[in-house]
Amino acid sequence: MARCRSYLRGLAVCVTVLLLASGMVMIGVGFSSIDGNTPVAVLFDQLSSSDGLLVLQVFGPITVLLSVLGVCAASVDLKPLLLVFSSLVFVEFVALMVVASPLVQVQAQMDGAVDEVFLNVTPLHRAERYIQSELNKLQASDSCCGLKSFEDWENQLPVSCLCTPSSRPGNWSSEFRPCVTVGSDLYPPTPQVTDTWVHSEPCGPILKSYLSFPIKLRIGIISAFATIAMAAIALCLTLGLEDYWKTPPVETTVDDYNRVKYQPKPSLT
């Protein structure tokens, strides 16, 4: 029994240290600026990409403080302190779940909002020069064209949409066609080039992945915290309530009438 309790105590210390690490990650992500890496960010100025940042900024320091309390309680094996730690972490867990639950809804609404932005900015050849310049950079680096398709440029396809013959694989399968031909109405042929090839993949899904990554990261961090917090609560409650679930040692005696009596074994202390 003593060995089992020693294992539980060591496990409780490890889990509370993990909780401390999750709190530090929450602080780091909450105060970092990963949203600034989105290509053509000017298109999405009206979209809120800071959802969940305040949650991490507030609950991160709280988690760190409570984790320090939990590590001390588990290390010195103070049962009242373990119970206090478990209660406070449970309150934080409930509060965080209530405050962070709208993040899932925000992620679900993101695609619809981005599609509306794409609709408002097309046709792309009429968009602002800065937007066109940023899109050209994205198209050249990620081998994509347009937001929903290359037709977003109408009949003014930029050079960044074109596929050169050297970039086309020799054998294409039906599942993998990186380039497609376009009609002469979209890109008139020249004497040197009779077939015009453009990137078939749109840039819209790439931009959506950039936009959704911060929210998915925050949801993942909160989910990890929730899992670690529940484990810490269970372990610390088990240690703190040991007197209630632990069977006290007993000793048996037989009297003169052969009756067996059970009574608690006296403590050495």
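**Cysteine links**

A: C145 and C161 are joined by a disulfide, S to S 2.0 Å (a disulfide being a pair of cysteine sulfur atoms within 2.5 Å). This is a predicted model, where local features need pLDDT of at least 70, side-chain atom pairs count only at pLDDT 80 or more, and totals for chains, interfaces and linings use all residues. Residues are numbered from 1 along each chain as its sequence is written, and side-chain values use heavy atoms, with hydrogens and water left out.

Q: How many disulfides turn up in the whole structure?
A: Two, from a search of the whole structure. The other pairing is C144 to C203, also with S to S 2.0 Å.

Q: And where do C144 and C203 sit?
A: C144 is in the loop between helix 5 (129-142) and strand 1 (179-181), while C203 is in the loop between strand 2 (197-199) and helix 6 (204-240). They are 59 residues apart, so the pair links distant parts of the chain. Helices (H or I, at least four residues) and strands (E, at least two) are DSSP runs, numbered from the N terminus.

Q: Changing topic: is C14 buried, exposed or partly exposed?
A: Partly exposed, at 48% relative accessible area. Buried means under 20%, exposed over 50%, partly exposed in between (1.4 Å probe, protein chains only).

Q: What about C236, buried or exposed?
A: C236 is buried, at 0%.
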